[in-house]
Amino acid sequence: MSYFCSRRIFQQFQIKQIKKFNFSNVSGGPNKHVEFPKRNKPIFGKDGPITWKTVGITGVLGAGMVTYLLYLKEEQEEKQRRERKRQLGKAQIGGPFELLDGSNNIVKSEQFLGKWMLIYFGFSHCPDICPDELEKMALVVDNLEKEDMNTGIQGIFITVDPDRDTPKIVDKYIKEFSSKFIGLSGTSDQIQQVCKRYRVYYSPGKKDVDNDYIVDHTIIMYLVNPEGEFIDYFGQNKTADEIVEHILLHMFKFKQEKGSLLSSTLEKINSLSGKKIVTS
C-alpha cells in the first residue's frame, strides 16, 4: 500500500515539474501558443553561413584538386612515354630502302628526308585488316593536315606480297584509299630487305585450288621523322585520334629540339664573330 502511495506522489511531482518547465517562463500563461524563434538572417549572402567567399574558396579547392589529378595523369603518361622510348631505343628499327613505284621508277628512302613518313606493310589481296588499317591511316593524314603543328607527312604502303603485287597493282590499290599515298613494291629480295630493317614479319599461307593465299604479316604503322629515323609505331588497337595525338606530340618535340639546337649554334657563332645573328 505504501508503495502505491509513494509512486502516486512521485507522479504528481513530475507533472508539476513539467507544467513549470513548459509555462513558467512564457508570458500569457499556458493557453498561449508557443512559437519558436525564427531565422532572421538568410542562408546565402553577406549575413548567412554561405557567402561568396566560401563559394570561392570551395571553387578554388575544387579546381586545385582537378589540376592535381590532371597532373598525376600527365605524369603517368610521361612515365609511359619514357618507358616506351627506352624500349624503342634498344631496337634498331628502320633504315634506307630502295623500291619501285607505280611507274617502275626507283624510289629511295632518301627522297623523303625533310618529311615525316607513316609506313604500313600489307598486301592488296588482304580481305579486311589491311583495308581497315589503310582507311585509318588515310583518316590520320587528313586530320593531321588540319593541325597547325603538322609539318607535313607522307603515307606510304609497302607490299609484303611481291609475287602478286606488281608496282602497277600496288599503285592502283593504294589510290583507292587516298590519292596522297605512295604505293611501293619491288623484287622479293628488296621486299625481304626492307621488311628485315623494319622487323616486319610476313609469311605466305598455303595456296587453295585457285592459287589464292593469305599472307600473315605484322599489323603496324611505323612513324619516321624528317631525318629518316624511326620514332614510334602504332598497332591495330590504336584509334585514328590517338595516332594523330601521338604524331603531333612527336612533331612538337622534334621542332623544339631542333629550335634549341639552332639557338645554341647561333649563340656560338655570335660569340665567335661578335655579330648578332637573328632568325625569324
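This is a predicted model: local features need pLDDT of at least 70, side-chain atom pairs count only at pLDDT 80 or more; totals for chains, interfaces and linings use all residues.
Now let's step back to the whole chain. You can find 6 helices and 9 strands in it. Of its 280 residues, 31% are buried. The chain exposes about 19500 Å², and carbon and sulfur atoms supply 56% of that area.

Next, have a look at the surface. Met 65, Tyr 68, Leu 69 and Leu 72 form a nonpolar patch there, and together they have about 400 Å² of accessible area. Let me pick out one of them, Leu 69, which lies in helix α2, residues 52-90. Is Leu 69 buried or partly exposed? Its relative accessibility is 48%, so Leu 69 counts as partly exposed; the exposed class takes over at values over 50%.

We describe a pair of aromatic rings by the distance of the centres and the angle of the planes. The count here comes to 7 aromatic pairs. In one of them, Phe 121 and Tyr 198 have ring centres 5.8 Å apart and planes at 50°, so this pair is tilted. Where do the two partners sit in the chain? Phe 121 is in strand β3, residues 116-122, while Tyr 198 is in the loop between α5 (188-197) and β6 (202-204). They are 77 residues apart, so to speak distant parts of the chain linked by a pair. Phe 121 is buried, with a relative accessible area of 1%, and Tyr 198 is buried as well, at 2%.

Phe 121 also pairs with Tyr 222, and this pair is edge-to-face, with 5.7 Å centre to centre and 85° between the planes. Again distant parts of the chain are linked: Phe 121 in strand β3 and Tyr 222 in strand β8, residues 220-224, are 101 residues apart. Tyr 222 has 4% relative accessibility and counts as buried. To put the rings together, Phe 121, Tyr 198, Tyr 222 and Phe 230 form one aromatic cluster.

Technical notes:
Residues are numbered from 1 along each chain as its sequence is written. Side-chain values use heavy atoms; hydrogens and water are left out. Patches are made of residues with over 30% relative accessible area and no salt bridge: like charges are joined within 9 Å, nonpolar side chains (Val, Leu, Ile, Met, Phe, Trp, Tyr) within 5 Å. Accessible areas come from the Shrake-Rupley method with a 1.4 Å probe; for residues, only the protein chains shown count as cover. A salt bridge is a side-chain nitrogen of Lys or Arg within 4 Å of a carboxyl oxygen of Asp or Glu. Helices (H or I, at least four residues) and strands (E, at least two) are DSSP runs, numbered from the N terminus. Buried means under 20% relative accessible area, exposed over 50%, partly exposed in between (1.4 Å probe, protein chains only). Rings of Phe, Tyr and Trp (its six-membered ring) pair if their centres lie within 6.5 Å; planes under 30 degrees apart count as stacked, over 60 as edge-to-face and the rest as tilted.
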